Amino acid sequence: MKKLLALLAFALLAPVYAAEPPPEPEAPPAFVEYVVEGVGTVLEPQGVSGYRVRLPSGAVVAYLAQSGNPCEANAAADIAYARANPPPAPVPTSVTRRQLLLALNQAGVTRAAIRATLTAIEDPTAREAALIEFDEAATFDRTHALVAQLASVLGLTSAQVDAIYRNAATL
């Protein structure tokens with residue numbers, strides 16, 4: 001009986017001991033820095049989207065890969081494209097009253113046009129609220145409902161309003 005139990009235990013446990021561990025996955029090759037003429041040294045790929053580059057000044061900057069494949073063969077063209085086509089500045093979340101009015105004036109939108117739009121609101125409570133918002137606000141949030149309403153009535157696209165806010169932030 002002992003022999004039978006021993007054989008049974010061996011038969012059940014043998015596959016566990018006989019199995020070899022799976023091989024370790026191969027590590028990716030180590031990245032080797034390389035120089036892009038006229039630009040600097042690529043320190044490492046920036047994920048799958050671009051390059052991290054040390055400029056001759058010592059500053060480190062990131063560039064997006066237009067090719068979609070950041071590698072040494074594409075680096076010069078990708079970086080040249082990224083330098084020639086920088087992404088637009090982010091749209092400020094808010095600007096001051098003075099900044100917005102100056103930027104609107106530069107875009108050809110006068111205070112008189114805004115006031116005429118606001119006074120044309122039919123509902124007296126909504127009209128008064130809009131006038132208070134416009135006349136008394138110290139800052140104007142880009143996402144405020146009144147901004148979208150005025151833009152629509154004045155024929156401004158969302159992209160145009162974004163450009164006005166970017167410009168306003170510089171004033």
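Reader: What makes α4 and α5 a contact, and which residues meet there?

Author: In this predicted model, Ile 114, Arg 115, Leu 118 and Thr 119 of α4 meet Arg 127, Ala 130, Leu 131, Phe 134 and Asp 135 of α5. Contact requires heavy atoms within 4.5 Å. By class, this contact has 5 nonpolar, 1 polar and 3 charged residues.

Reader: Why is α4 called roughly antiparallel to α5?

Author: The two helices pack at an angle of about 155°, and their axes are 9 Å apart. Angles over 145 degrees count as roughly antiparallel, therefore α4 is roughly antiparallel to α5.

Reader: How do you know that Asp 135 and Arg 115 meet in a salt bridge?

Author: The N to O distance between their side chains is 2.4 Å. The cut-off is a side-chain nitrogen of Lys or Arg within 4 Å of a carboxyl oxygen of Asp or Glu, so the pair of Asp 135 and Arg 115 qualifies as a salt bridge. Asp 135 lies in helix α5 and Arg 115 in helix α4, 20 residues apart, and the pair links distant parts of the chain.

Reader: Are Asp 135 and Arg 115 buried, exposed or partly exposed, and why?

Author: The relative accessible area is 29% for Asp 135 and 33% for Arg 115. Buried means under 20% and exposed means over 50%, with partly exposed in between. Both residues are therefore partly exposed.

Reader: How many salt bridges does a search of the whole structure find?

Author: The search finds 2 salt bridges. Besides the pair of Asp 135 and Arg 115, the side chains of Arg 142 and Asp 162 meet at 2.9 Å, N to O. Arg 142 is in the loop between β6 and α6 (145-154), whereas Asp 162 is in helix α7, 20 residues apart.

Reader: Why do Arg 142 and Asp 162 count as buried?

Author: Relative accessibility is 15% for Arg 142 and 19% for Asp 162. The cut-off for buried is under 20%, so Arg 142 and Asp 162 count as buried.

Reader: Where is Thr 117, and what makes Thr 117 buried?

Author: Thr 117 is in helix α4. Its relative accessibility is 16%, and under 20% means buried. Leaving aside residues up to four places away in sequence, Thr 117 touches Leu 150, Val 153 and Leu 154.

Reader: Which residues of α3 and α7 meet?

Author: On the α3 side they are Gln 99, Leu 100, Ala 103, Leu 104 and Gln 106, and on the α7 side Ile 164, Tyr 165, Asn 167, Ala 168 and Ala 169. The residues of this contact divide into 7 nonpolar, 3 polar and no charged.

Reader: Which residues of α3 are buried, and what covers them?

Author: Gln 99, Leu 100, Leu 101, Ala 103 and Leu 104 are the buried residues of α3. Their cover includes β5 (94-96), α4 (111-119), α5 (124-136), β6 (139-141) and α7.

Reader: Which residue just after α3 takes a positive phi?

Author: Gly 108 does, with a phi of about 90°.

How values were computed: Residues numbered from 1 in each chain as written. Predicted model: local features only at pLDDT ≥ 70, side-chain atom pairs only at ≥ 80, totals over all residues. Heavy atoms only, no water. Helix = DSSP H or I, 4+ residues; strand = E, 2+ residues; numbered from the N terminus. Nonpolar A, V, L, I, M, F, W, Y, C, P; charged D, E, K, R; others polar. Buried < 20%, exposed > 50% of the residue type's maximum accessible area, 1.4 Å probe, protein only. Axes fitted to C-alpha atoms, helices over the stretch in contact; angles between N-to-C directions. Parallel < 35°, antiparallel > 145°, perpendicular 65-115°, else oblique.
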